[in-house]
Each structure stands twice: as C-alpha cells, then as structure tokens.
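Trainee: Could we go through this model together, a piece at a time?
Mentor: Gladly; here it is.
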Amino acid sequence: MKQDEEAGRWLMTQMALLESLRQIPEQFDLGLQQAQAKGMPPKLAKLVLRSSREVYDLKQLEPQALALLLKGLGSEHLQAWTVFYKTPLGQKIALADIQGASAQTMGFVMENAPKIMAELAADTARMALLQSVVDATMAVDRAVSMNMAMSLAMEWAMVSAMPDQPGKPTFNQLQDHLEQQRFVMRSQMSQWVLAHAAHVNKSFGISELQQLLAQANSPAGQALFLGFGQTFALWMNQYAQRLSQSVSQGLQKQGV
C-alpha cells in the first residue's frame, strides 16, 4: 500500500494533476474578476475568493485525489503507468503536460487557437492522429467537466449569498441546469482542446504520438481516462457545495 501511495503521488505529478489542482484558486480569481465586471459586489467577490483558497487548498485536495486515483487504477494499472512515465517518451509527455497546464500556456492557446488550427489543418495526417489522442484521453470531456465544476461552484456560491425567497434555485436544480449545457459547452471547447494538444505536443513526432495513442487505448489507459476521470469529475462537483457552505458562513460572520 505504501509503495502504491508513493507511486500514485509521483504519477499525479507526472500527469500534471497536482498542477491542475494547485491552479484552481487562480481560476476562481480570473472568474471573479469577470463577475465583478458584470456587477458582482466587491465584498462578495473577496469573500468567495478567500473561501475558494480555503476549500481548494492543495494540502486537502491531494490526499483525496490520491485515494481516488489508487482506487480507480488498482496496483496493476498504476504499475503500468509508472513504467510508461519512466520511459524517455513518458518523461517527454510529463514535461509537455506540466507546461501545458500552466496559465501562460492556457492563455497563449486561447489567443492563438485560430492560427494553431490553421497550421494544423495543413497536415491532415497529424491532425487526425492528434484528434485520436484527444478522443482516447477524453481530453474534451475532462476539460468540460472541470469547467462545469468551477462554474457550478461559482454560481452556487453566489446563489447561496442571495436571501431566501420563492424561486431561489436549489443546488440540484442549478446542477441540472448546468448539465443541460454540457453538449453546447463540449462543442465550443472541442476545437480549443485540439489546438491545445497541437501546441503542447508540437515537438512530438508521428511515432511518438502513435505510442501515446496506444497507451491511452490500453486497459491501463482506459482505467485512467474513463474510470478515474469520471470519478474525479463527480468529486470536483462536491466541492461546489463545500464552497457555498464556506461563503454562507462568511456572510453570517459579516452579519449579511
């Protein structure tokens, strides 16, 4: 068990999962800046930001994410991924994924997605292979689920700050409302995810991408991207409720 835990922590670093969790409060900061521009009271924004840093504290998230990963993969698939990431290709992928998870890379791709896609379209074979990798790793669904979890947390925190009145939505109603937008959001994000994959993997040759695709389609790959991925998304939704509870407690202390 101890060996699995050590391997799991190492794997979370290699696949940039820890980096993604670390950046959640930063994503809230950007979202709250946009919300304030649309009229959110600065005091509420400050409270939500403070609560997000407390609720999404990496020291709290890491052991829970590790437990989910170990349960989803099991020792056999965990070992398979450990072996893969220790290869030269695995280390190259790890470096690319960590760089790809940075705010700088995300911002660059958002600003340059049309240009990246135009360049990619000139190489149809590479584009088809990258699309297969994106599909096998369920990158679009993971991006949508994370985006929806953040939106749910943000919106539920704001709803919780509203006084009780007829028509005030419940958490389940708000969650169902956002879930109805999944298809539209997925359509909107699919091209951006492909552009991100093209940029992050621009130094990878065709043979390397084919090896990555084979790993993603293996039993270990499906356990990671399909099994653990779905569990991880549901787990992140639970934190939307925890954030709202923290915001509500903060409002009570302020006498609101």
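Mentor: What follows is a talk about some helices, some single residues and a pocket.

Mentor: First the ground rules: this is a predicted model, in which local features need pLDDT of at least 70 and side-chain atom pairs count only at pLDDT 80 or more, while totals for chains, interfaces and linings use all residues. Residues are numbered from 1 along each chain as its sequence is written, and side-chain values use heavy atoms, with hydrogens and water left out.

Trainee: OK, how many residues does helix α1 have, and how far does it reach?
Mentor: Helix α1 (residues 2-14) has 13 residues and reaches 18 Å from its first C-alpha to its last, close to the 18 Å expected at 1.5 Å a residue. The expected span is 1.5 Å times one less than the number of residues, and helices here are DSSP runs (H or I, at least four residues), numbered from the N terminus.

Trainee: Which of the α1 residues are buried?
Mentor: Ala 7, Gly 8, Leu 11, Met 12 and Gln 14 are the buried ones, where buried means under 20% relative accessible area with a 1.4 Å probe, protein chains only. Seen down the axis of α1, these buried residues fall within an arc of 155°, so they line one face of the helix; the arc is that of the directions from the helix axis to the C-beta atoms.

Trainee: And what covers them?
Mentor: The cover over the buried residues of α1 includes α2 (17-22), α5 and α6 (88-100), and just after α1, Ala 16 takes a positive phi of about 65°.

Trainee: Why does Gln 14 count as buried, and what is it in contact with?
Mentor: Gln 14 counts as buried because its relative accessibility is 10%. Leaving aside neighbours within four places in sequence, Gln 14 is in contact (heavy atoms within 4.5 Å) with Tyr 85, Gln 91, Ala 94, Asp 97 and Ile 98.

Trainee: Switching to α5, is Ala 65 buried or exposed?
Mentor: Ala 65, which sits in helix α5 (residues 58-85), is buried, at 0% relative accessibility. Not counting residues up to four places away in sequence, Ala 65 touches Met 12, Leu 21, Phe 228 and Trp 235.

Trainee: What about Thr 82, what does it touch?
Mentor: Thr 82 is also placed in helix α5 and is buried, with a relative accessible area of 13%; with residues up to four places away in sequence not counted, it touches Ala 7 and Trp 10.

Trainee: New topic: how much space lies in the second largest pocket?
Mentor: About 200 Å³, a volume being the space filled by probe spheres set on grid points joined across faces, edges and corners. A pocket, on a 1 Å grid over the protein atoms alone, is an open set of points where a 1.4 Å probe fits, with protein on both sides within 12 Å along at least five of seven lines, and lining residues have an atom within 4 Å of a point.

Trainee: Which element gives the most to that lining?
Mentor: That is α7, with six residues, and the elements giving two or more are α7 (103-121) and α11 (182-200).

Trainee: How many residues of each class does the lining have?
Mentor: The lining of the second largest pocket has four nonpolar, two polar and five charged residues; Ala, Val, Leu, Ile, Met, Phe, Trp, Tyr, Cys and Pro count as nonpolar, Asp, Glu, Lys and Arg as charged, and the others, Gly among them, as polar.

Note on methods
Buried means under 20% relative accessible area, exposed over 50%, partly exposed in between (1.4 Å probe, protein chains only).
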